Amino acid sequence: MIRVENLHKHFGGFHAVDGASLTIAEGSITGLIGPNGAGKTTLFNVIAGVLKPTSGHVFMAGEDITGLEPHELFHKGLLRTFQIAHEFHSMTVRENLMMVPARQAGERLMSAWFQRAKVRLEDEEIRRRADEVLEFLTIDHIADQKAGQISGGQKKLLELGRTMMTDARIVFLDEVGAGVNRTLLNTIADAIVRLNKERGYTFVVIEHDMDFIGRICDPVICMAEGKVLAEGTLDEIKANEHVIEAYLGT
Ligand code: ADP
């Protein structure tokens, strides 16, 4: 579904992504691991259009999508989740979901969210859909709480919920587990697996928690120093001498 070919992203003389090549299979939940500074987030940002690559290419279903803007990729169903922006903290969890535009929405992503807010908040159909999403993610009990007041794990579920409002096809999740307690992490893992199995979403997940990665991701891709070191099941990756070296070197 995604093919990355010899991708480079340089910041001045520093090569954060340094000739990375990889493929993401449609229907997979692919894990992206690697020591801090390996270039994982930079790679995500280049694929998702947040950063322009220095060189190299990204293809989606055979189409060259290199350098497209996030809102253009959003129309194609490629989405990178972001933390709930500060402006959205004073709105309820349900309202946060209702403000996500359908993929058909024009304009740039964020301005579309703002412009559509008023209309959408009155839309029964969208409200019903938001309630379905809340139920699916088992966070319907916090529907009327302000987004700024929910826990870190619940915010992650809300981020996931926003992708569900958009008919996403491939979702990039960055550090889903950071600061999230074990119970909620399990809920997040279940939600990802169900979205994958029941709705056909493809996921690419950056996460440091190896239990989480081992439980839901296959394959796992390991990066170090801007390059892809190895790909395989988590057990294969853990036994790979280049991977062991890269982790020991940090
Ligand atoms: P990871 O997600 O694997 O921890 P990152 O992609 O965040 O790695 O970072 C890779 C390297 O690129 C790091 O050394 C980081 O300091 C550097 N880097 C990331 N973004 C920038 C930037 N905007 N300007 C300069 N250096 C950056």
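What percentage of the 250 residues in the chain is buried? Buried residues make up 40% of them, where a residue is buried if 20 or more other C-beta atoms lie within 10 Å of its own, exposed if 12 or fewer, and partly exposed in between, with C-beta atoms placed from the backbone.

1. **What you are looking at.** This is a predicted model, in which local features need pLDDT of at least 70 and side-chain atom pairs count only at pLDDT 80 or more, while totals for chains, interfaces and linings use all residues. Residues are numbered from 1 along each chain as its sequence is written.

2. **Overall build.** The chain has 10 helices and 10 strands; helices (H or I, at least four residues) and strands (E, at least two) are DSSP runs, numbered from the N terminus. The radius of gyration of the chain is 18 Å, close to the 18 Å that the globule rule gives for 250 residues, so the chain is as compact as a globular protein of that length. That radius is taken over C-alpha atoms, and the globule rule is 2.2 Å times the number of residues to the power 0.38. Along its principal axes, the C-alpha trace spans about 55 × 35 × 30 Å.

3. **Contacts along the chain.** Two residues are in contact if their C-beta atoms, placed from the backbone, lie within 7 Å. Among contacts between residues at least 6 apart in sequence, 67% join residues at least 24 apart.

4. **The six-stranded sheet.** Start with the open sheet whose order is β6-β7-β8-β3-β9-β10, with mixed pairing; two strands pair if DSSP finds at least two bridges between them. Its edge strands, each pairing on one side only, are β6 (78-80) and β10 (227-232). On average, neighbouring strands here are turned by 20 degrees against each other, direction ignored. Within the sheet, β3 (residues 29-33) and β8 (residues 202-206) run parallel and are joined by four bridges, and Leu 32 stands opposite Ile 206 in β8.

5. β9 and β10 pair in the antiparallel sense over five bridges, with Ala 224 opposite Lys 227 in β10. Their hairpin has two residues between the strands, and Glu 225 takes a positive phi near 50 degrees there.

6. **A closer look at Glu 231.** This residue is found in strand β10. Is Glu 231 buried or partly exposed? Glu 231 is partly exposed, because 16 other C-beta atoms lie within 10 Å. Leaving aside neighbours within four places in sequence, Glu 231 is in contact with Pro 219 and Ile 221.

7. **The four-stranded sheet.** A second open sheet has the order β2-β1-β4-β5, with antiparallel pairing, and β2 and β5 (63-64) are its edge strands. The β1-β2 hairpin has two residues between the strands, and Gly 12 takes a positive phi near 60 degrees in it. On to β4: β1 and β4 pair over five bridges, and Ile 2 stands opposite Met 60 in β4.

8. **Helix α1.** In the four-stranded sheet α1 touches β1 (2-11), β2 and β4, its direction making about 115 degrees with that of β1. α1 also lies across β3, β6, β7 (170-174), β8 and β9 (220-224), running at about 150 degrees to β7. Six of its eight residues are buried, including Leu 43, Val 46 and Ile 47. Gly 49, which follows α1, has a positive phi near 80 degrees.

9. **Around the ligand.** The residues around the ligand include Phe 11, Phe 14, Lys 40, Thr 41 and Thr 42; a residue counts as near if its C-beta atom, placed from the backbone, lies within 6 Å of the molecule or strand. β2 (14-24) and α1 (40-47) each give two or more residues to this shell, and the largest share, three residues, comes from α1. By class, the shell has four nonpolar, six polar and one charged residues. Here Ala, Val, Leu, Ile, Met, Phe, Trp, Tyr, Cys and Pro count as nonpolar, Asp, Glu, Lys and Arg as charged, and the others, Gly among them, as polar.

Terms used:
Axes are lines fitted to C-alpha atoms, for helices over the stretch in contact, and angles run from 0 to 180 degrees between N-to-C directions.
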